[in-house]
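Here is a short report for a reader new to this structure. Look at the model first, then read on.

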Amino acid sequence: MSAAAQVFESFPWFGWLLAFVFGSIVGSFLNVCIYRIPAGKSVVFPGSRCGCGKPIAWYDNIPILSWIILRGKARCCGAPFSGRYPFVEFLTGLLFLLAWVGESIPVALCLWAFFALLVPAIFIDLDHFIIPDRFSVGGMFVGIFLSVLVPELHGFANPGGIATYSGLSTALVGALVGSSVLYWFGALAEIVFRKEALGQGDVKLAGCFGAFCGWQGAVFSLFAGAVIGTVLLLPILIWQRFKGQPASAGASEADEEGDESIGFGTAVPFGPMLCAAIILYVLWLEEPVRAWFDEVGVLLRQLL
Ligand SMILES: [Zn+2]
């Protein structure tokens, strides 16, 4: 056991604190990505600026804490800062902490990379109904690379030639099968419902899921994402039906014209639901879901 691992073994709270603080700092950078990448701006330069154009001092840029101390208002001009900034920082910190607590150190580090791709994808999709390729396609390549480096990500514990090959093939099969299943599901749903159900961005995102989590994770995210979306949206849709208002602020004009059909896919982006599902999978549900897929496989073999 390395010296660092020994410290984390003896003082677990030290690792928890480190994971959360590091996650919230990463979250602070992800906030910058969420706002600048869709606008086509550099995420590195210039440094953080207030809406009024004044640079933000480092002591006013501490994740979560600065927002609480300043009560969500800029020090320079008093302009309100969205509560989403500290929320993204807290969420990223929490996800890093949960990965740290639940996994071995190498796997936790891989999941940190995965979460740092998912968080901006979630919020950019909510804002702009797109998932930039650098998160989905770029994330897929990161996932394949990490699967070779840390085959333990896919449960191949013993490092060496065979585990490396197994990690690589699991990631490749995961990426290809994951995105194909979403593509064909979306294509068939479009024929049945005559409405686009899944976007290209969702299909590419599923490739990233498959590379990090195997095809089981990607396929699970499709169905669990639909369940999560229904659970979240049903009360809103019923409420709107009562009030007789259009679907939502994000609804397209076509939706308002065809008033009766409030389309899940058009009014609300599906990417955040897929991401929520894969986070649940990778943190808590991987074992039971894989066991279920294995059981189905055994049953099918008996039937045939
Ligand atoms: Zn200002």
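## Burial and overall form

A residue counts as buried if 20 or more other C-beta atoms lie within 10 Å of its own. By that rule, 36% of the 304 residues of the chain are buried. Keep in mind that this is a predicted model.

What radius of gyration would a compact globule of 304 residues have? It would be near 19 Å, and the chain has 21 Å, which agrees. Along its principal axes, the C-alpha trace spans about 70 × 65 × 30 Å.

## Helices and domains

The chain has eleven helices and zero strands. Read along the sequence, the pattern is α-α-α-α-α-α-α-α-α-α-α.

Two domains divide the chain: domain 1 covers 1-102 and domain 2 covers 129-304. Their C-alpha centres lie 27 Å apart. Among contacts with a separation of 6 or more, 66% join residues 24 or more positions apart.

## Helix α6

Helix α6 takes in residues 133-149, 17 residues in total. From its first C-alpha to its last, α6 reaches 23 Å. That is close to the 24 Å expected at 1.5 Å a residue. Where does α6 bend? The bend is at G139, by about 30°.

G139 is also one of the buried residues of α6. An α-helix has 3.6 residues a turn, so residues three or four places apart point the same way. Which helices do the buried residues of α6 pack against? They pack against α5 (105-128), α7 (161-193) and α8 (200-243).

## The largest nonpolar core

The largest nonpolar core holds 65 residues. Six of them touch the most other members: F96, F115, L118, V119, A121 and I278. At least two core residues come from each of α2 (12-36), α4 (84-102), α5, α6, α7, α8 and α11 (271-303). Helix α8 gives the largest share, 14 residues. Both domains take part: domain 1 and domain 2 each supply at least three residues of this core.

Leaving aside neighbours within four places in sequence, F115 is in contact with T92, L95, F96 and A99. One of these partners, F96, is itself among the core residues that touch the most other members.

Notes: Residues numbered from 1 in each chain as written. Predicted model: local features only at pLDDT ≥ 70, side-chain atom pairs only at ≥ 80, totals over all residues. Helix = DSSP H or I, 4+ residues; strand = E, 2+ residues; numbered from the N terminus. Rg over C-alpha atoms; globule rule 2.2 N^0.38 Å. Buried ≥ 20, exposed ≤ 12 C-beta atoms within 10 Å, placed from the backbone. Contact = placed C-beta atoms within 7 Å. Domains from an automatic or database assignment. Expected span 1.5 Å × (residues − 1). Bend = angle between axes of the 7 residues up to and from the residue. Core = buried A, V, L, I, M, F, W, Y, C linked by C-beta atoms within 7 Å.
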